[in-house]
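Have the model open while you read.

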Amino acid sequence: MSDTTPTLYEWAGGADSFERLTEAFYARVRKDDLLEPVFRGMDEHHPKYVAAWLAEVFGGPSRYTEERGGYPHMLAKHRGRALTEAQRRRWVNLICDAADESGMPADPEFRSAFVAYIEWGTRLAVANSQPGAEPPPEAPVPRWGWGEAPPYRPGM
């Protein structure tokens, strides 16, 4: 990949895109029988916090780390919640639907990278949420890239 390859964050359209994504996602969560109880009583700013996490993961500014505490804070939000595989799968389905609704890029290269992180991250969240789980207490926020399929750009 060349130095001119955009980050996934840039390709997606920046912070506003991730905020539209999480607003659309949590609107769906609020109506979902399986996930609504998990998020009942969430902070009204929760969608913005998740948008900042995702933006940072996909190559954007380190706002989540600077303002929320990075990985240790995210880990604390999942510990002891005993999330289930059914909840994880619903989360994945709803965020993919929200990506369509909110206008996230639909090209196969972006969606491949996006879904790869969503799958990886939600599987870690389930594992880290189980009683007795002992995930590492400190780690950097992951930085996700294009993986095997950089963006297709005709003529390049």
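Ring pairs join Tyr9, Phe18, Phe58, Phe110, Phe114, Tyr117, Trp120 and Trp144 into a cluster. Keep in mind that this is a predicted model, where local features need pLDDT of at least 70, side-chain atom pairs count only at pLDDT 80 or more, and totals for chains, interfaces and linings use all residues. Residues are numbered from 1 along each chain as its sequence is written, and side-chain values use heavy atoms, with hydrogens and water left out.

Q: Why is the pair of tyrosine 26 and phenylalanine 39 called edge-to-face?
A: Their ring centres are 5.4 Å apart and their planes sit at 75 degrees, so the pair is edge-to-face. Tyrosine 26 is in helix H2 (residues 15-29) and phenylalanine 39 in helix H3 (residues 36-39), so this pair links distant parts of the chain, 13 residues apart; helices here are DSSP runs (H or I, at least four residues), numbered from the N terminus.

Q: What kind of pair do tryptophan 53 and tyrosine 64 form?
A: Edge-to-face again, with 5.1 Å centre to centre and 85 degrees between the planes. Tryptophan 53 belongs to helix H4 (residues 46-57) and tyrosine 64 to helix H5 (residues 63-68), so the pair ties together parts that are 11 residues apart in sequence.

Q: How do you know whether tryptophan 53 and tyrosine 64 are buried or exposed?
A: Buried means under 20% relative accessible area, exposed over 50%, and partly exposed in between (1.4 Å probe, protein chains only). Tryptophan 53 has 7%, so it's buried, and tyrosine 64 has 3%, so that one is buried too.

Q: Why is H7 called roughly antiparallel to H8?
A: The axes of helix H7 (residues 85-102) and helix H8 (residues 108-129) come within 10 Å and cross at roughly 150 degrees. That makes H7 roughly antiparallel to H8, because angles over 145 count as roughly antiparallel, under 35 as roughly parallel, 65 to 115 as roughly perpendicular and the rest as oblique. Axes are lines fitted to C-alpha atoms, for helices over the stretch in contact, and angles run from 0 to 180 degrees between N-to-C directions.

Q: Which residues does arginine 88 touch?
A: Arginine 88, which lies in helix H7, touches Glu119, Thr122, Arg123 and Val126, not counting residues up to four places away in sequence. Contact means heavy atoms within 4.5 Å.

Q: Why does arginine 88 count as buried?
A: Its relative accessibility is 4%, so arginine 88 counts as buried.

Q: Why does alanine 86 count as partly exposed?
A: Alanine 86 also lies in helix H7, but at 44% relative accessibility it counts as partly exposed.

Q: What makes the phi of alanine 82 worth a look?
A: Most residues other than glycine have a negative phi. Phi of alanine 82 is near 50 degrees, a positive value in a residue other than glycine. Alanine 82 is in the loop between helix H6 (70-78) and H7, and at 34% relative accessible area, alanine 82 is partly exposed.

Technical notes: Helices (H or I, at least four residues) and strands (E, at least two) are DSSP runs, numbered from the N terminus. Rings of Phe, Tyr and Trp (its six-membered ring) pair if their centres lie within 6.5 Å; planes under 30 degrees apart count as stacked, over 60 as edge-to-face and the rest as tilted.
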